[in-house]
Amino acid sequence: MFNEKMSVRAVRLALGLVSTLAVAHGVAQEAPIQRVEVTGSAIKRINVEGALPIQTLTQEAIAKTGANSVAELLQTLPAMQGFTIGAIAAGTNSGGRVSASIHDIGESYTLVLLNGRRLAPQGSGSTVNLQAIPMSAVERVEILTDGASALYGSDAIAGVINFVLKKNQQGGDIEANYSQPTAGQAGGSRYIAATYGMGDLDTDGWNVLASYRRDEQDQIRSTERDFANTAFRKFSRNGTNYVYDNTSTASVPANVTVAFRNPAGVAALPSVGFSPYLLANNNCPTLTVPSINNNGTTARNCTFDYIQTVEMVPENKRDSLFLKGTKKLGDNWEAFTDIAYSRFDLTARIAPNTAPFTIVAGSPQFNQYVAPFLTATQLGRVNTVSGNYRAYDWGTRDSQTITESKHAVAGVEGEFAGWNINSALTWSENSIDERYVGGYMKNAEFRNMLTNRLFDPFAPIGAQSEATQKLIDASIFNGSIREASTTLKAADVRGSRELFALSGGAAQLALGADYREYHYQQDPSADAVNGVIYNFNAPARYDMKRDNVGAFAEVLAPLTKQIEVTAALRYDSISAIDDGVRGRKVGSDQSKTTYKVSARYQPMPELLFRGSYGTGFKAPDMLSLAQPTVNAGFTASSWACPIADATLCRPGSTQYNVLSTGNEDLRPETSKQFTVGMRFEPSPRFSAGLDLWDVKIKDAVSAVSEQQAWADPVTFRALFQTYTEPATGNTYWAFLQSSVNIGKTHNRGIDWDMTGRQRFGFGTWTTTLNGTYMMKSDYTRAGTANDWTNSMNYFGTNNAVTFRHIVRLSSSLDTGKLSNSLIVNYRNGYVDAAATVRNLDTGRNETGFRLDVPSFLTIDWQGRYTFTENFILRAGMKNIADRKPPLSLRASSGHQVGFDPRYADPLGRQLYVTGNYKF
């Protein structure tokens with residue numbers, strides 16, 4: 001509560017200081033005269049605060065954060081919420097993809113650029129994997145926190161992040177870093193980078209720049225952090241003891257599921273599930289526990305504590321290379337080329353494979369492990385029997401994902417007949433090769449071992465013989481399961497020029513056009529398709545193309561010395577999807593004209609007011625429209641049977657299969673948005689600002705969550721389909737996820753900041769306090785028209801939280817060669833996801849239990865010492881107090897249990913050192 005009040009007061013203080021000082025001060029400031037290209041506009045202008053809010057991170061500001069990657073740099077900024085983190089790779093096939101999301105509007109609405117041009121996304125949509133950005137080549141980052149519909153595209157509804165890379169560097173530098181958590185040897189990281197530039201544009205007429213970097217991140221096992229080391233987590237709240245059980249019914253020794261024949265006119269027998277080991281020994285063996293979902297009749301299982309076998313932070317390596325060449329073509333023109341390449345190699349290790357298998361009624365296995373625990377009535381009506389086995393002796397499921405990003409741009413810029421012209425061709429590709437390198441069983445070999453009883457799935461851990469272990473080792477599959485890629489081919493041209501004189505200066509016009517073609521394809525391997533892997537659903541084959549043609553016009557009119565107005569108009573035409581696999585068009589051609597009007601009013605040099613209003617337009621991604629029905633894993637939580645059926649229900653509460661499919665009837669999303677803000681800089685010692693922003697999206701694309709569906713299975717009956725297990729042939733209920741136009745979303749908030757600078761005799765002290773105050777995070781529930789809900793400080797139906805307060809304090813004291821920096825990061829607490837827990841004091845389960853997750857605050861320090869002009873050494877400590885992630889009972893977004901990796905870093909306190917040498 002204290003932290004919440006302090007955060008609210010910080011916002012009020014920011015507003016109060018701006019208002020008070022605006023009246024009290026009037027100090028003129030000198031404006032620079034260099035014309036630059038501003039992110040969000042095609043018109044070059046004098047580099048002053050414009051009508052749109054832009055946050056800029058310089059190279060030194062980036063270095064002071066201690067961030068080791070582009071994702072770490074961006075995802076700690078207050079304006080960022082709703083992104084994907086790398087730790088999600090523990091339990092998904094993301095390959096370690098990381099993204100950016102401005103204002104929690106969504107990663108698919110946030111446009112990421114490299115030197116002002118688009119990169120190939122990962123997947124069939126528009127989300128860029130930040131792993132593709134060459135960190136060591138970044139000169140600065142410009143973040144436009146307002147939708148830019150004219151220059152870059154009407155789909156940039158949340159805003160734009162533009163990574164501006166180094167240019168015209170002479171000489172080289174080498175940088176190396178080592179970082180280590182203090183909690184143990186696990187989780188260390190390191191990188192080494194080198195950059196070199198030759199030639200001077202001004203004197204030689206050319207420049208070539210090359211930059212290379214190698215990053216390595218060590219794994220962290222869940223057992224190496226006490227807040228994340230078990231799926232059977234005991235905790236206390238308000239003097240009451242509870243346990244949260246996220247263990248799995250796929251166990252070792254195996255559990256059994258029996259379904260019965262139910263002829264007409266006879267009372268139905270529900271399916272039963274039980275652990276033969278538990279019923280025979282009245283306890284559960286190593287790594288298993290009696291499930292809190294056991295009811296003594298239909299469910300009597302030992303469930304597997306899979307968390308003790310997984311990694312919470314996967315091992316990864318990254319190589320990135322950037323090349324830039326620039327050549328003057330006479331006095332007014334330059335030719336340029338940008339080439340970027342990255343290779344990200346991630347190995348994720350999750351719990352041993354689930355391996356359901358069939359037990360034949362009357363077989364020795366049935367007679368030993370099943371028949372003794374059935375009643376006479378049940379024995380007489382046995383239909384199917386299956387074992388639910390966890391293949392522990394095969395080891396963890398290890399998947400290696402190699403993601404390659406290739407990006408090439410060639411273009412020219414210069415002046416012709418009074419026009420500033422910039423034009424380029426872009427080719428960009430993001431590709432993935434997903435390989436299984438451990439823990440997955442070969443189909444023929446595993447079935448042979450089952451049939452001939454060469455191993456016992458009902459034996460506890462450690463009971464297999466040495467001869468059996470050799471057979472196990474020989475039955476592990478190694479190889480690729482799929483390759484996927486997204487290719488972008490683009491061409492653009494834009495130009496700007498002065499038109500005529502106005503009272504405040506020359507009116508300017510910009511015109512431009514662009515063309516983009518996206519090609520998404522996925523090819524499963526022959527092994528995946530031909531059933532080489534046990535109980536495996538082969539990835540679908542995709543071959544999808546579509547293109548986008550756009551044109552825009554922008555006019556800047558300085559009506560007076562104090563008032564400047566900009567108006568922009570854009571037209572986009574997006575084609576239907578050309579589905580090469582099915583040989584037909586999917587969806588329809590879509591087009592729309594969008595606009596933006598912005599203005600700035602500067603009544604005095606130290607005070608600026610600004611605002612904008614605009615519209616946006618975004619087509620659904622290709623898979624949301626054209627994906628066939630495919631297997632998509634399991635539900636995140638365990639659920640009771642959604643629709644009573646003696647055959648299709650699984651016993652007790654357990655995870656159900658998830659299917660995913662496209663929806664050809666999806667409509668494009670449209671938006672209306674505005675910003676109103678001000679900047680105040682009364683003196684070189686103080687500056688402040690705030691921007692109120694508001695974004696409304698209509699026909700937003702989302703999907704009904706499993707929480708929604710299970711809460712009301714009657715309404716969402718169509719989403720409960722059937723799934724047949726490849727291993728057993730048994731058919732059960734499954735949850736179908738299909739994209740729908742959910743109706744509307746409405747986000748609103750305030751970005752605010754204050755910076756103070758004070759010179760002393762011994763140095764300069766600079767402090768910046770900035771934050772985002774969220775006012776709205778509303779959306780209509782998927783599948784409804786006007787049923788509004790929100791995720792404000794509350795784990796909502798979208799499986800996420802919108803934080804009302806995210807605040808960052810950065811303070812630096814520069815004293816000649818020595819600099820010390822302190823960064824404080826804060827986000828408020830929230831109400832956690834609903835969960836089922838066992839009250840240990842009463843022995844009863846409580847459903848709908850929600851934790852109050854406390855606020856999370858960390859403090860980082862960095863010291864920098866400049867030994868010479870050529871050598872700088874930095875040393876720092878992240879999370880000085882070693883704050884552990886707060887307890888969370890959420891069951892989505894990766895395989896971690898006990899905390900939410902999206903909102904709290906599991907690395908804990910880290911020490912790091914970075915050295916940079918220039919030559």
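Here are legends for a set of views of this predicted model.

Figure 1. Numbering starts at 1 along each chain as its sequence is written, and side-chain values use heavy atoms, with hydrogens and water left out. Since the model is predicted, local features need pLDDT of at least 70 and side-chain atom pairs count only at pLDDT 80 or more, while totals for chains, interfaces and linings use all residues. The fold has 11 helices and 50 strands (DSSP runs numbered from the N terminus: H or I of at least four residues for helices, E of at least two for strands). Along the principal axes, the C-alpha trace spans about 95 × 65 × 55 Å. Buried residues make up 57% of the total (buried is under 20% relative accessible area, exposed over 50%, partly exposed in between, with a 1.4 Å probe and protein chains only).

**Figure 2. A cis peptide bond at Pro 253.** The bond from Val 252 to Pro 253 has omega near 0°. Pro 253 sits in the loop between β13 (240-245) and β14 (255-260).

**Figure 3. His 103, a non-glycine residue with positive phi.** Its phi is about 60°. You'll find His 103 in the loop that runs between α3 (70-75) and β4 (110-114). With a relative accessible area of 2%, His 103 counts as buried.

**Figure 4. Asn 238, a positive phi in a residue other than glycine.** Here phi is near 55°. Asn 238 belongs to the loop between β12 (232-237) and β13. Is Asn 238 buried or exposed? Asn 238 is exposed, at a relative accessible area of 80%.
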